[in-house]
Amino acid sequence: GINAEYGSLSAANDKHINEVIARSDDVIQPFILGCETKNPKLILISITCIQKLISHDAVPDTSVTIIVKTLSDMHRQEIEQLRILQTILLLLTSTKLLHGETLAQAIAICFQLHSHSEHTIANTAAATLRQVVAVVFDRVAQEGAKQNENGSVENEKMG
């Protein structure tokens, strides 16, 4: 009835809003600036907001490099290291935006945190690395399957 119709309208509106947000770097910039402060509460709020934007597909392609650079800076300052790992995994699993040099930087952060002296951080980094490698290999396999499908379709057209 009405609830079902409202639910679908709400979901459609949310998707549209996320698409509009994802077209501009301006939305994520205040949260990047918040992560660059020395204020622990502001950093926590900012990284949580970045995670929410990522999970709602509301991050523009152009912001991924900035996000990973910010995570790298936070890692060097030993700030919110578990949240850094969460954010990297979220970026990788929620979007296709993390690839190439940016993916390499994200993996490097995970490796560096894997050698951390605090066991919780090192163990979480190890688990994150396992998941990152699995996701990357899955993507490679999917790309290979797509190329094989495209190749066989083209061969059928030519034959």
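Author: Gladly. Buried means under 20% relative accessible area, exposed over 50%, and partly exposed in between, using a 1.4 Å probe and protein chains only. This is a predicted model, where local features need pLDDT of at least 70, side-chain atom pairs count only at pLDDT 80 or more, and totals for chains, interfaces and linings use all residues. Residues are numbered from 1 along each chain as its sequence is written, and side-chain values use heavy atoms, with hydrogens and water left out.

Reader: Why does H116 count as buried?

Author: H116 counts as buried because its relative accessibility is 18%. H116 sits in the loop between α6 and α7 (119-158); helices here are DSSP runs of H or I with at least four residues, strands are runs of E with at least two, and both are numbered from the N terminus.

Reader: Which residues is H116 in contact with, leaving aside neighbours within four places in sequence?

Author: Contact means heavy atoms within 4.5 Å. On that basis H116 meets E78, Q81, I121 and A122.

Reader: At what angle do α5 and α6 pack?

Author: Axes are lines fitted to C-alpha atoms, for helices over the stretch in contact, and angles run from 0 to 180 degrees between N-to-C directions. Helix α5 (residues 81-94) packs against helix α6 (residues 100-114) at about 145°, and their axes are 11 Å apart. From α5, the residues Q81, I84, L85, I88 and L92 meet L103, A106, I109, C110 and L113 of α6.

Reader: And S46: is it buried or exposed?

Author: S46 is buried, at a relative accessible area of 3%. S46 lies in helix α3 (residues 40-55), and its side chain reaches the backbone oxygen of L42 at 2.8 Å. Not counting residues up to four places away in sequence, S46 touches F31, G34 and C35.

Note on methods:
Polar contact = N/O pair within 3.5 Å; in protein donor to acceptor, adjacent residues only side chain to side chain.
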